[in-house]
Amino acid sequence: MELLDLTALQLGQKIKSGEIGVREAAAASISRIRAAEPAVHSFVSFNEEAALTRADEIQKKIDAGELSSPLAGVPMAVKDNICTKGVATTCSSRMLENFVPTYSANAWHLLENAGAVMLGKTNLDEFAMGSTTETSYFGATRNPWDPSRVPGGSSGGSAAAVAAGEAFYTLGSDTGGSIRQPAAFCGVTGIKPTYGSVSRYGLVAFASSLDQIGPIGRDAADCAAVLAEIMKHDRRDSTSVPTAAPGLSAVQNGSVKGMKIGIPKNFYGEGLDSEVRDTILKAAEQFRAMGAELEEFEMPIVKYAVPTYYILATAEASSNLARYDGVKYGYRAKDYADLAELYTKTRSEGFGMEVKRRILLGCFVLSSGYYDAYYLKALKVRALIKQAFDRAFEKYDMILAPTAPTTAYKIGENTGDPLKLYLGDIYTAMINIVGLPALTAPCGFDAKGLPVGMQLIGRPFGEEVLLTAACAYQRETDFHRRRPSAFLKGGDAQ
């Protein structure tokens, strides 16, 4: 097996044993980045010299026995809305094009202390607002399986980097499906942890009650290893909850035998591509063959998820993005007559169209006369969605659902129809609304050879159950081991 075909944990083990050097691993990733970036554009920033210097530093610490993490020395990347001290954090926006944080996000700080080697910062939809990574100020990322198609979003750069073999794992953020949907489109594994289980300190805010940092990796075991490092209480985040991270050994060696899996009928109806539906139901049968118990049930509340999400998310976005006014930091317009014109020109020139659209919608639903009709009503529906999941988890250990209604579509195909893009979040957004953990793993391919991802949804702080089920599934299947043919030495996708 070649170095770049290893999982993060496999590479970490070979580094620990001395079979592979940290610089050797970093150099291999750098070589792949050089080859893949013209076609994929996963990265906003990439510093080869800094990565190699860091690799040498980590090698010395490993040799001295100072690092015990199974991920020590493994090259990775960080989504560019997660603050990294001394390294630009742009949110793929003109507004923060030159912003260099003086502190690091807690999630990155923990991985840095564990010996992670950061290759660079990955591309995203501007301020994480989008489902395609097309709204980035620095240009669109492309899907490694077919560069004419989107990688999903907003963590499209993070998912594409893993799929193309540029990084062994990445950090992403998920506000309404932004880890899970691109993971599905790119044929990799990603998990959105329970809200509060991973600190949001240093994550540039989009919608504070929905945002969550999580990992994207080649398989579920890699994601579990990353969560083991970053699921730690942080007093700097008032929503951070003390909780135990999933046990790596338990996850890798567990079974689904006796697990009860719910199949919500309402998730498999109109709007879901038939190939996607059939592929996921085939995965359900695989779980049954492995000893799980499957049962269908009704969850009609799903039809209210998207409008509820976009009311809540845009309301919070309009408040969070009010800080970008050209006065304190970030982009500032050059020509203005007074303070009002400074605000107007800075925000008009600094924000892209999608961000402006969501700010305007958020201001509308919070405005006098409309607050009760929209925002307050959305809060009430949020409570009803939570009750529906609470009832489901009285019977089931987890829920099996689609991640997205289709596989990856063509770049530019839906940019003129925001509503169509928003409806693509129908299976993921509701999970953020109620703060549950959810994992996406590849479970097959459509007729065009594009990956299909299934979504496993769990109880609050039920990450270990989801990761155990995904690991068990991946022991029996090979979808997670297949790679885009464009980045192999020859032949079809494997």
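Trainee: Which residue does Asp234 form a salt bridge with?
Mentor: Asp234 pairs with Arg236, and the closest N and O atoms are 3.1 Å apart. A salt bridge here is a side-chain nitrogen of Lys or Arg within 4 Å of a carboxyl oxygen of Asp or Glu. Keep in mind that this is a predicted model: local features need pLDDT of at least 70, side-chain atom pairs count only at pLDDT 80 or more, and totals for chains, interfaces and linings use all residues. Residues are numbered from 1 along each chain as its sequence is written, and side-chain values use heavy atoms, with hydrogens and water left out.

Trainee: Is Asp234 buried or exposed?
Mentor: Asp234 is buried, with a relative accessible area of 5%. Buried means under 20% relative accessible area, exposed over 50%, and partly exposed in between (1.4 Å probe, protein chains only).

Trainee: And what about Arg236, what does that count as?
Mentor: Arg236 counts as partly exposed, because its relative accessibility is 41%.

Trainee: Ok, how many salt bridges does the structure hold?
Mentor: There are 20. One of them joins the side chains of Lys328 and Asp325, at 2.9 Å from N to O.

Trainee: Why does Lys328 count as exposed?
Mentor: Because Lys328 has 53% relative accessibility.

Trainee: Which residues are linked in a network of salt bridges?
Mentor: That would be Glu354, Arg357 and Arg358.

Trainee: New topic: what do the side chains of Lys121 and Asp80 do?
Mentor: They meet in a salt bridge, 3.0 Å from N to O. Both Lys121 and Asp80 are buried.
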